[in-house]
Each structure stands twice: as C-alpha cells, then as structure tokens.
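Have a look at the model first, then read on.

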Amino acid sequence: MSGWDIADIPDQTGRRVIVTGANSGLGAAAARALAAAGAEVILACRNLEKAAPVAAEIGARAQVRALDLADLASVREFAAAVDRVDVLMNNAGVMAVPAKRTADGFEMQFGTNHLGHFALTGLLLDKITDRVVTVSSWGHRFGRINLGDPNWESRRYDRWLAYGQSKLANLLFTAELQRRLTAAGSATLATAAHPGYAATELTTHTESVMDRLLSIGDNTIAQSAEKGALPQLFAATAPVEPGGYYGPHGIGGLRGYPVRCGSSKAARDERKAAELWELSEKLTGVSYRFAG
C-alpha cells in the first residue's frame, strides 16, 4: 500500500521550523526532510556535539541552538533568542528512564516530554505563524494523569507509567491548546503525531535489561526513523484538522504511512486537559497569551 511520503511534502521555501531533539532519530530525520523541501531548520538540542554532524549533513539551511528541555532557564534563554518561526515541532523526549529529576525538580519524563515543551510553546506562541506539532506515542494509552502527584513524589516510581503519563499529557496539551487557539480566533494550529514503532536511540537509554529487549524489536519489527518521522512531517506540512492526531496506518499503528488516528478515552477528557493546563502554568511559571 502506498501513501503520503517524503516526496509529498509541499515546498517549504521561506519557512522556518524548530525541531527539538533533532540531533538523532525522528528529529534528525524530520529536520533532513524539511530542509530538503526548502525549509530553514533550527535544530534545538541539548547535545550540541551530536547535533553538529546532522546540521553539517543538511548544510546551509540548518543551524544548531542549545535547548535543554529539562531546565526551564535554558528553555527561556532559547525562546528569547527566536524572532519568528512558522512551525514548532515538539519532538524531543525520553522514555522509561530510571527515577531522575530535572533542573527544576520535576520527574524527568513529565518534566522533559511535557512541561519543557509546554513552557517552550507558551514562550514562542506569539512568534509562531502556522502550527505546533507535538510528538506523542502509542504509550499514551497506558498513561494516567495524576494531578495530585504528577512528579512521583509520594508514589513508588514506575518508569513505564511515568512515560505513559507524559505522552498522555502531550495529547491533552495539544487538544487544550487547539481549543484555546480556536476560542481566541487564532489561525495557528495545534496537531499531534506518533511514530508507531521506530528504531531510534530512544530505546537505548532505559539503563535496564529493556535496552537489550528493545534492541531486538528495533532489528526485527520496527520501521526506520525516516518512516517513523512521516506522521509528524504530515502533521507539520499537510492540510490537517485542527487538533488532529496522526500516526502509521498499519495494524496496531506500529508501521506504515501517516493517517488520522484515534486516541484513548483519557486523551479526550476535556476537564482533565484544562486542569493539567492550569497545573502546567503553575509549575513552569509560563502563562499563555492568545491573540486572534
């Protein structure tokens, strides 16, 4: 079955795209594809040494800027240096890591995957001309938002449940952002995507036996990072539905070309989305300003 592919990306000449975590995996694949279509791409990365070769491979259309989503001071510094951007691709993330804290004391996965991107989007919102794309995961389906203890301070830490919570938060954030943009009469879009099962470095940092098990899946089941990046590229460049969520068309949403996909009931909870938004503003100190 053939479907939407890299060759279908519309001409991106004159457009600027920020891709977080573009030093490897899905982010690097997305940055390469966007630049090949004519876009200027800002690789927003914590590891500048890993990002430099990716930018060099892309060429003159790429630049590297420092961004550590696990440090709100870094997020603010990065955002302050951006004058305009057409598309913000919230791609960076960590998965199933041991119990760790961000510079601001947040649980690492919730702090990086959700709160860091929540703060970044809010600080850049009035500079974004087209859309915000946030990368979630099939793992959102086992996620539950614990508003009373989102940072696992009074519960026994579970790395996979923490990951699921952060990816569910990505979808709740996207839906609530779109509702607020629409209410303000803004033409800016909020969309989300997931890669299915893609072979990336994300599966090699659990610091557990899962690294070995996931590597087997990477070599036998997973699709390439280039294929895995297609849904977020579609969400970033194609005509899409406001608040739409896109992923692979194949069985279980693990592989294939991008299509509109479904999400869990928890991801469609408007009350929980609004409550998470209020909590996120409180934790990050970033309040959104919406203009029509």
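Accessible areas here come from the Shrake-Rupley method with a 1.4 Å probe. On that basis the protein chain exposes about 12,300 Å², and carbon and sulfur atoms supply 52% of it. Keep in mind that this is a predicted model, where local features need pLDDT of at least 70, side-chain atom pairs count only at pLDDT 80 or more, and totals for chains, interfaces and linings use all residues. Residues are numbered from 1 along each chain as its sequence is written, and side-chain values use heavy atoms, with hydrogens and water left out.

**Overall build**
- The protein chain has nine helices and eight strands, taken as DSSP runs (H or I, at least four residues, for helices; E, at least two, for strands) numbered from the N terminus.
- The C-alpha atoms fill a box of roughly 50 × 50 × 35 Å along the principal axes.

**Packing**
- Of the 292 residues, 56% are buried, meaning under 20% relative accessible area with a 1.4 Å probe.
- Among contacts (heavy atoms within 4.5 Å) with a separation of 6 or more, 72% link residues 24 or more positions apart.

**The cavity**
- There's one cavity of 30 Å³ or more; a cavity is a set of points on a 1 Å grid where a 1.4 Å probe fits but cannot get out, and lining residues have an atom within 4 Å of a point.
- His 114, Phe 118, Leu 172, Phe 173, Ala 273, Leu 276, Trp 277 and Ser 280 line the largest cavity.
- Helices H4 (108-124), H5 (159-183) and H9 (270-284) each give two or more residues to that lining, with H9 supplying the largest share, four residues.

Notes
1 Å grid on protein atoms, 1.4 Å probe; cavity = no way out; pocket = protein on both sides within 12 Å on 5 of 7 lines; lining within 4 Å. Points joined across faces, edges and corners; volume = space filled by probe spheres on them. Buried < 20%, exposed > 50% of the residue type's maximum accessible area, 1.4 Å probe, protein only.
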